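Thanks for coming, everyone. Let me put the structure up, and then we'll walk through it together.

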Protein chains: 2
Amino acid sequence: MDRGSWNGDSMTADARPAAPALTERQEARRRRILHASAQLASRGGFEAVQMREVAEAAGVALGTLYRYFPSKIHLLVATMQDQLQHLHTTLRKRPPAGEEAAQRVAETLMRAFRALQREPHLADAMVRALTFADRSVSPEVDTVSRLTTAIILDAMGLEHPTPEQLSAVRVIEHTWHSALITWLSGRASIAQVKIDIETVCRLIDLTAEPEPGRG
Amino acid sequence: MDRGSWNGDSMTADARPAAPALTERQEARRRRILHASAQLASRGGFEAVQMREVAEAAGVALGTLYRYFPSKIHLLVATMQDQLQHLHTTLRKRPPAGEEAAQRVAETLMRAFRALQREPHLADAMVRALTFADRSVSPEVDTVSRLTTAIILDAMGLEHPTPEQLSAVRVIEHTWHSALITWLSGRASIAQVKIDIETVCRLIDLTAEPEPGRG
DNA sequence: GCTGAGTCTGAAACTTGTTCTAGATTAGCG
DNA sequence: CGCTAATCTAGAACAAGTTTCAGACTCAGC
């Protein structure tokens, strides 16, 4: 059971060694870029996020954009990181209310899903980038994955998941991403996504280890 | 220029009407193209499948390639269709031997997985195309999905699945695609993919309904 | 065999992600 | 303040997917 050494409390998902303390203006540039990216994505999805337009909207030269984010995929995955962090904070303020872990996870994911429905184009851009990412984006995609895992574990209310439970969580994540894709590409309805999420969440019950002293 | 009327003919149950009786030379061209695509993909994955190179390797003009497959994604999804059909035939010759449906499905998917491992670059190209496909490729992606469903249902040995079981199959497919992606991008090991597949296949047990009658 | 519609070819053009270059600006430092 | 290295800018250039077009070819029907 190796969980790596990341501590789940702080929001600094800084798993990259090469993050040498940006100046204030640089931090501002970075935020402008991410904002422009999200804005363009919201308007027209993956294709609408064109690097020249992002650069212009962010008031930054194309070369600079590429210095901050080495590819369009990197940019969109970073955008997703941003949005997920937002979601995580929101969710922590109002945790799901179900009695069973499976219920709570399903509710959490459906809440996230509804948030995505409000900006389907943005969802499209982020999810497509996430699944299209190749090895060069692995660290960033991994960060997103860890964030998602954290959100699900939060909903389950688990501090020390068993390997079995971690596997169930991974499967839930798989289903979550893939179901999103089928919805985004118009091959599955919202109702179907809901059913799939509820179906996969039943896996949690299978791995629910009877904790000593509980029930 | 629209190719116009394809409706005058017999209405076969085949849900692929976009192929109005190719001549022999056209069929040959199509096969050459798919072959070239698979070959280039095997060598260097998604990026190595360059439309100009596919055209040249297939001995066909670029415009012709685009007439047969309106985009690189269409081409690669069609390539996947081809390979899946192959796999399906192979699997039917030697069906999985497990006693439980869940076992058989897991075995089937692991067999498919091993086949993909033999051509990881090809797998990369096909799976990336599949998940990156947008709405314009929905029909083709759907065909692939139905093929996959058929393979899984075959392994389960089901003729008339319940909606619940179909949902489980969809979740298995989700997991299958997404697990493949994490493996291809180097974020999950082969062992982990195996565990995830086995985990999700446990869902089948949950929906295993006794054959005669329902509660 | 001749014709006309549809198809194929070769090549150029266009689009958008990415890279490169030369000069201007900024940040850190003595 | 003045210096130097790093960063930023504008813009050209390059790469690969896609589109377009004029002309050559194929094929079904006469």
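Which of the residues around DNA strand C come nearest? The set is A:Arg52, A:Lys72, B:Arg29, B:Thr64 and B:Tyr68. They belong to a group of 18 residues around DNA strand C. Before I go on, please note that this is a predicted model.

Now some individual contacts. Take B:Thr64. A polar atom of the B:Thr64 side chain lies 2.5 Å from a phosphate oxygen of DNA strand C. Then there is B:Arg67. An N or O atom in the B:Arg67 side chain is 3.5 Å from a phosphate oxygen of DNA strand C. A:Arg52 reaches a base. Its side chain has a polar atom 2.8 Å from a base oxygen of DNA strand C.

Which helices build this surface? Chain A brings helix H2 (51-58) and H3, and chain B brings helix H1 (24-48) and H3; each supplies at least two residues of the surface near DNA strand C. H3(B) gives the largest share, three residues. And the classes? The surface near DNA strand C divides into seven nonpolar, five polar and six charged residues.

DNA strand D is surrounded by 18 residues. The closest are A:Arg29, A:Thr64, A:Arg67, A:Tyr68 and B:Arg52. For DNA strand D, sugar and phosphate make up 71% of the atoms that come within 4 Å of the protein.

A:Arg29 has a polar side-chain atom 2.8 Å from a phosphate oxygen of DNA strand D. A:Tyr68 also places a polar side-chain atom 2.8 Å from a phosphate oxygen of DNA strand D. A:Ala61 uses its backbone: an N or O atom there lies 3.0 Å from a phosphate oxygen of DNA strand D.

Again, the helices. Helix H1 (24-48) and helix H3 (62-68) of chain A, with helix H2 (51-58) and helix H3 (62-68) of chain B, each supply at least two residues of the surface near DNA strand D. Here H3(A) has the largest share, with three residues. The surface near DNA strand D has seven nonpolar, five polar and six charged residues.

Now leave the DNA and look inside chain B. Start with helix H4 (residues 72-93) and helix H7 (residues 138-156) of chain B. How do they cross? Their axes come within 9 Å and cross at roughly 15 degrees. H4(B) and H7(B) are therefore roughly parallel to each other. The crossing of H4(B) with H7(B) is left-handed. Residues meeting there include B:Leu84 and B:Leu91 in H4(B), and B:Val144 and B:Leu147 in H7(B). By class, that contact of H4(B) with H7(B) has ten nonpolar, six polar and three charged residues.

One more pair. Helix H5 (residues 101-118) and helix H8 (residues 163-184) of chain B pack at about 30 degrees, with axes 12 Å apart. That angle makes H5(B) roughly parallel to H8(B). Left-handed or right-handed? The crossing of H5(B) and H8(B) is right-handed. Among the contact residues are B:Leu109 and B:Phe113 of H5(B), and B:Trp176 and B:Trp183 of H8(B). The contact of H5(B) with H8(B) has nine nonpolar residues, one polar and no charged ones.

That's my tour.

Key
Residues are numbered from 1 along each chain as its sequence is written. Chains are lettered from A and ligands numbered from 1 in the order in which they are written. This is a predicted model: local features need pLDDT of at least 70, side-chain atom pairs count only at pLDDT 80 or more; totals for chains, interfaces and linings use all residues. Side-chain values use heavy atoms; hydrogens and water are left out. A residue is near a molecule or strand if one of its heavy atoms lies within 4 Å of it. A polar contact is a pair of N or O atoms within 3.5 Å; within protein, one must be able to donate a hydrogen and the other to accept it, and residues adjacent in sequence count only if both atoms are side-chain atoms. Helices (H or I, at least four residues) and strands (E, at least two) are DSSP runs, numbered from the N terminus. Ala, Val, Leu, Ile, Met, Phe, Trp, Tyr, Cys and Pro count as nonpolar, Asp, Glu, Lys and Arg as charged, and the others, Gly among them, as polar. Axes are lines fitted to C-alpha atoms, for helices over the stretch in contact, and angles run from 0 to 180 degrees between N-to-C directions. Angles under 35 degrees count as roughly parallel, over 145 as roughly antiparallel, 65 to 115 as roughly perpendicular and the rest as oblique. A crossing is left-handed if the near helix is turned anticlockwise from the far one by less than a right angle, and right-handed if clockwise. Contact means heavy atoms within 4.5 Å.
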